[in-house]
Amino acid sequence: MHGEYKVPGGKLVVADVELQQGCLSQVSISGDFFLEPDSALTSINQALIGLPRTASHQTLTKAILAALDDDVVMFGFSAAAVATTVRRALGMASSWQDHQFTIIAPVILPAIAHAALDEVLVDSVATGLRTPTLRFWDWDDSVVVIGSFQSVKNEVDMAAANDAQVQVVRRVTGGGAMFMEPGNCITYSLTVPTSLVDGMSIEQSYQFLDAWVLAALAEVGIKAHYVPLNDIASTQGKIGGAAQKRFANGVLVHHATLAYDIDASKMLQILRTGREKISDKGITSANKRVDPMRSQTGLTRASIIDAFIHHFSQRHQTQLGQYLPQELAAAKALVENKFSTTDWLYKVR
């Protein structure tokens with residue numbers, strides 16, 4: 001079995017392995033990396049022989065490190081990179097090239113239905129009903145979508161929200177609140193097997209899964225960069241943030257919301273913590289708007305989404321798709337039984 005892994009900012013690592021009775025019997029690591037002394041390569045190969053096919057990334061990494069002397073120098077790769085490569089060879093980890101992705105263009109649904117679809121599509125990918133999916137949200141209602149662990153009373157002025165006819169929805173992922181009116185931001189969800197981020201820390205997986213959108217932003221004229229743990233920013237400040245949840249069925253959802261043209265004064269009336277955060281940015285005018293994508297690109301929101309879809313399609317194997325009837329039905333039921341209930345909304349008061 002054969003696996004390859006290009007270390008971000010580093011070198012290519014290749015693994016050719018054989019199994020016997022479910023364990024590694026032959027291992028050959030190669031690549032364009034640098035390693036001193038030469039004999040350390042034999043130590044790496046030997047350290048992995050006998051380990052089971054199901055050995056975790058951590059187990060493989062520890063075995064390699066335990067076999068290397070203190071004077072070994074690995075340049076352009078690491079023990080963790082070797083572990084990733086071996087797990088790819090064994091089919092336990094995957095790369096972007098191993099998947100065909102379904103892209104779902106924006107479909108107008110209540111924002112709460114999109115929150116439910118994040119959970120529904122995780123099951124669809126896990127059961128093979130659909131391939132890994134990139135989908136773009138669109139909605140015609142005004143909402144605040146709060147993170148799974150946020151307190152409603154600490155985040156939202158409910159009286160102001162009710163007066164403005166802004167609904168409050170709790171999503172399944174952590175992170176901060178999103179103020180979402182029709183057309184004011186771009187939100188997408190990426191639903192993929194956790195094998196794609198095998199061996200990565202949470203921070204590394206955020207950076208890895210946000211890389212494509214940073215490149216897409218560059219193509220529309222925004223020089224964006226990743227800011228740990230979960231922010232996307234340009235030279236002029238924060239553009240948006242991402243959130244992620246890994247499910248027990250081996251699938252994760254990673255989504256991001258990017259500001260296109262937000263009414264900051266209205267947002268400040270409704271979001272309590274938003275008042276503190278926005279004050280740090282020097283936004284004092286009642287008419288001030290947060291419009292990094294509109295002002296920096298001069299493009300319509302629809303044009304930017306089209307550019308994102310085109311970029312992702314050029315970078316990966318993709319096909320256009322749509323929501324399945326059973327997914328929409330499942331999302332509707334989930335809204336009724338979970339997302340619209342007070343028990344869910346106020347699980348953290």
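# A tour of the sheet and its salt bridges

Select Arg301 and Asp138: their side chains meet in a salt bridge, 3.5 Å from N to O. The term salt bridge is used when a side-chain nitrogen of Lys or Arg is within 4 Å of a carboxyl oxygen of Asp or Glu. Because Arg301 sits in helix H11 (residues 301–315) and Asp138 in strand E7, the pair ties together parts that are 163 residues apart in sequence. Helices (H or I, at least four residues) and strands (E, at least two) are DSSP runs, numbered from the N terminus. Arg301 is buried at 12% relative accessibility, and Asp138 is buried at 14%. Buried means under 20% relative accessible area, exposed over 50%, and partly exposed in between, with a 1.4 Å probe and protein chains only.

This is a predicted model, in which local features need pLDDT of at least 70 and side-chain atom pairs count only at pLDDT 80 or more, while totals for chains, interfaces and linings use all residues. Residues are numbered from 1 along each chain as its sequence is written, and side-chain values use heavy atoms, with hydrogens and water left out.

**The other salt bridges**

Next, select Lys338 and Glu119, a salt bridge whose closest N and O atoms are 2.8 Å apart. Lys338 belongs to helix H12 (residues 325–339) and Glu119 to helix H4 (residues 111–126), so this pair ties together parts 219 residues apart in sequence. Glu119 is buried, with a relative accessible area of 18%.

Move to Lys266 and Glu181, where the closest N and O atoms of the salt bridge are 2.5 Å apart. Lys266 is in helix H8 (residues 264–270), and Glu181 is in the loop between strand E10 (178–180) and E11, 85 residues apart. Both Lys266 and Glu181 are buried.

Then pick Asp261, Asp291 and Arg294, which a network of salt bridges links. The count of salt bridges is nine.

**The sheet**

Now show the strands. Eight of them form an open sheet with mixed pairing, in the order E12-E13-E14-E15-E11-E7-E6-E18. Two strands pair if DSSP finds at least two bridges between them. At the edges, E12 (224–227) and E18 (317–320) each pair on one side only.

Select E11 (residues 185–193) and E15 (residues 251–259), which pair in the antiparallel sense over nine bridges. Ser189 has His255 in E15 as its bridge partner.

Finally, select helix H7 (residues 202–219), which lies across strands including E7 (133–138), E13 (231–234) and E14 (237–246). Contact here means heavy atoms within 4.5 Å.

Note on methods: Axes fitted to C-alpha atoms, helices over the stretch in contact; angles between N-to-C directions.
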